Amino acid sequence: MDNFQNKKVLILGFSTTGIAAARYFIKQEANVYISEFSELKEKNATIVEELKEKGAKIEFNGHSEEFITNSDFCILSPSIPTDAPILEKLKEKNIPFYSDLEFISKKENNKLVLITGTNGKTTTTALTSHILSRKFSAPYCGNIGISPIEYKDKNVDYYVVEASSYQLYYSPTIKPKIAIFTNLTPDHILWHKTIENYFEAKAIPFRNMDENDNAILNYDDKLTKKLGEEIKAKVYYFSLKKQNVENCIYLENNEIIFDDKKIININELQIVGPHNVQNAMCSILSAIILGIDIETIKEALKTFRAIEHRLEFIRTIEDTDYYNDSKATNPEASIVAINSFVDKKVVLIAGGRDKKTTLKDFIQAVKEKISKVILIGEATKRFRDELSENGYMNIVNSKTLEEAIDIASLDKPDVVLLSPACASFDMFESYEKRGDAFKNYVLSKK
């Protein structure tokens, strides 16, 4: 569909996706209906008025027949559960529905550089955009907080898209030019029901690709390595050690190497940890595939710094470095952060809303690398019980994040690390708000 004038477009969910879609389709002179299951939040009141003034119809607290009936198609918030009754109703009425990413892909698959996986997506997305922008118009978007619809009809060369498993589940035909799969560990199991379903949602774009497309896969991850053997795309691998396989970028003697060429020494990177070496490898391969020369890639890598809430260095106070890793909302992400510090005395602040995933590997990492754990939020009891049952006893409970920071500082460690391994919603509106609270308090300390 190229002409949306007078078409009835249903948008489910008053979210980043929904707002961007509404603004776009209003400009296309469509009849825009936004339907939100929850109540109106005060912070959204101004945007609601803006969209209503431009002609959109908006409802909260449910999905009415008036809004649904005779819709030509539906753009939905990717967080809507797969078994939501509204989806059954759309199917009964033969109203097609898909994500904003699927909508973009209908016409611009060849412009998509897509990044998915459990951990590392955001940094890889931002870094890939950072490098590609040396030569192209290549904004980052997607699950990183900006809908790709924001850039529709703006003559971008490439959409550098962070794609969540939710978005991909609702993007059945997406077929990007380049797709990156960083890794896979258990997450969002309540939504997907099983880890197999979670993996298959992530695998959708790769299974749709053909020999003209490019897949970048983690050779050190069994599932993603196996995926490379099953798809038709040209496959590139990345690994933290040299592998006997074609088209593999790897690490040797602290040098990132591809096609027998040294790209960069990892000591020249501004981002720390083995996981960030892997993220850099993914971005390097994307740039090479799109024809960017090695020197340009190297210079871009040298200037990229960690983005907010992803192992973000805040400041040093009396020889203690403070790092904000609030984006670590599952144990696997926290393990990555913990393992980024070698031969350092590290105090870890963890806890929040518990995702109830296994803590086995998290506990092992804590026992090996962490001098003290300070727990906050709803997860405190389970985390404390499981840590102590497994022989780790240096644990302190804290009622607030600020108190946790003060307690951590008393030990005068090398590093105070906020890496919660939990969602934020028990104490904060989002992981960003949690990270901001950490940063603001650390920056206020004398």
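The buried residues of helix H14 pack against helix H13 (331-338), strand E17 (346-351), strand E18 (370-376) and helix H15 (380-389). Here buried means under 20% relative accessible area, exposed means over 50%, and partly exposed lies in between (1.4 Å probe, protein chains only). Packing is judged by contact, that is, heavy atoms within 4.5 Å. Helices (H or I, at least four residues) and strands (E, at least two) are DSSP runs, numbered from the N terminus.

The model is predicted: local features need pLDDT of at least 70, and side-chain atom pairs count only at pLDDT 80 or more, while totals for chains, interfaces and linings use all residues. Residues are numbered from 1 along each chain as its sequence is written, and side-chain values use heavy atoms, leaving out hydrogens and water.

H14 spans residues 360-369, and its buried residues are Phe362, Ile363, Ala365 and Val366. These cover an arc of only 160 degrees around the axis, which puts them on the same side of H14; the arc is that of the directions from the helix axis to the C-beta atoms. An α-helix has 3.6 residues a turn, so residues three or four places apart point the same way. On the other side of H14, Lys360, Asp361 and Glu368 are exposed.

Lysine 345 lies in the loop between H13 and E17. Its relative accessible area is 36%, so lysine 345 counts as partly exposed. Leaving aside residues up to four places away in sequence, lysine 345 touches Ser371, Asp411, Pro413, Asp414 and Val415. Between lysine 345 and glutamate 312 there are 33 positions in sequence and 18 Å in space, C-alpha to C-alpha.

The whole chain can be described in the same terms. Its secondary structure comes to 17 helices and 20 strands. The radius of gyration of the chain is 23 Å, close to the 22 Å that the globule rule gives for 446 residues, so the chain is as compact as a globular protein of that length. That radius is taken over C-alpha atoms, and the rule is 2.2 Å times the number of residues to the power 0.38. Along the principal axes, the C-alpha atoms fill a box of roughly 65 × 55 × 40 Å. Of the 446 residues, 57% count as buried. Among contacts with a separation of 6 or more, residues 24 or more positions apart account for 66%.
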